[in-house]
Amino acid sequence: MQIPYEKISIDNITTNYTIAHGVTLHMVRFDKIHNIVSGNKLFKLYHYLNTAAENKVTTIVTFGGAFSNHLVATAFACKQQQLKSIGIVRGEKPKNISHTLQQCIAFGMELQFISRNAYKNYENNEIAFAQIKNTYDPCLVIPEGGYGVEGCKGAGLMYNFMINHNPTHICCAVGTATTFAGLVKNNKHNNVELIAVPVIKNMMDLDDRIRYLTQQNHGTYTVFNDAHFGGYAKHPPSLIAFMNKFYEDTNIETDIVYTSKMMYAVIEKIKAGYFKKGSKIFCVHTGGLQGNNSLPSNMLNF
Ligand SMILES: *Cc1c(COP(=O)(O)O)cnc(C)c1O
């Protein structure tokens with residue numbers, strides 16, 4: 001699987017608050033890899049798909065909700081690799097299929113809708129997992145969100161790309177924590193301060209997740225906990241207003257679930273003087289912009 005590194009830019013954001021606090025702020029545009037497929041999701045898939053290729057497996061099965069960036073990324077990557085993809089979708093088939101799922105279908109993914117209860121079993125149940133394997137074998141089953149050791153290893157490639165540019169801080173939105181764990185895993189000398197911004201309210205198990213994903217006792221990292229805006233995918237008017245203002249100031253689009261909340265947290269901390277003078281702050285633009293299609297069309301000014 002090829003990752004088009006040449007499309008990624010590191011954009012400088014200069015505003016009155018960066019100047020006032022003597023820091024530089026940069027957005028690493030992994031979103032530019034593709035306008036529908038989230039940047040981090042391709043990285044997380046990287047080793048899974050290589051494993052599939054090595055084992056001559058031609059069918060990939062994975063899981064997600066109706067707005068899942070992971071599903072659409074898997075559909076896309078599989079099409080590119082000429083693999084068959086099957087998406088197991090949480091919830092009964094709705095009358096109107098979401099933009100995300102329509103895109104999955106356009107990339108050739110076969111969707112299978114299952115009840116929320118059955119889905120829960122699949123997620124946490126090895127027998128259900130084995131059942132899927134039997135149904136589609138030979139296949140590779142990728143956990144929801146790419147959450148797993150191989151996903152973490154793939155996300156480490158993002159760290160390797162960024163570290164060449166000497167950041168003092170790297171900030172990243174956290175869902176399953178797979179992407180962030182990849183950064184932690186590769187930050188071996190703790191020479192960069194890694195900052196996690198959970199988009200889930202009261203995320204209690206971040207340490208456990210990182211330990212499982214990295215398979216090691218992790219290094220240190222920082223968590224900015226107060227930018228979830230009410231919880232996963234919640235987007236009150238204050239968040240929409242922030243996204244519009246940020247776009248006006250920088251020309252950079254953010255998504256309602258992840259990158260807007262991460263940027264909000266980082267900017268608030270800059271304003272509060274958290275970052276020392278001279279800090280070179282990298283914010284990971286993980287993409288996810290296709291998710292904004294679920295909003296009424298006049299809410300965002302981009
Ligand atoms: C999935 C996703 C994340 C979160 O990644 P995890 O590895 O699940 O923590 C962040 N940003 C965007 C845009 C995503 O789609």
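How do the residues of the shell around the ligand divide into nonpolar, polar and charged? There are three nonpolar, 10 polar and two charged residues, where Ala, Val, Leu, Ile, Met, Phe, Trp, Tyr, Cys and Pro count as nonpolar, Asp, Glu, Lys and Arg as charged, and the others, Gly among them, as polar. Before we go on, please keep in mind that this is a predicted model, in which local features need pLDDT of at least 70 and side-chain atom pairs count only at pLDDT 80 or more, while totals for chains, interfaces and linings use all residues. Residues are numbered from 1 along each chain as its sequence is written, and side-chain values use heavy atoms, with hydrogens and water left out.

Let us start at the ligand. Of the 15 residues around the ligand, K41, K44, T176, T179 and T286 come nearest; a residue is near if one of its heavy atoms lies within 4 Å. K41 places a polar side-chain atom 2.7 Å from an oxygen atom of the ligand, and a side-chain N or O atom of T176 is also 2.7 Å from a ligand oxygen atom. T286 has a polar side-chain atom 2.6 Å from a nitrogen atom of the ligand. The protein buries 98% of the 380 Å² that the ligand exposes when taken alone, with areas from the Shrake-Rupley method and a 1.4 Å probe. Two or more residues of the shell come from each of α2 (39-54) and α8 (178-186), and α2 gives the largest share, three residues. Helices (H or I, at least four residues) and strands (E, at least two) are DSSP runs, numbered from the N terminus.

Six bridges join the parallel strands β3 (59-64) and β4 (84-90), and F63 stands opposite I88 in β4.

Definitions and conventions
Polar contact = N/O pair within 3.5 Å; in protein donor to acceptor, adjacent residues only side chain to side chain. Pairing = 2+ DSSP bridges.
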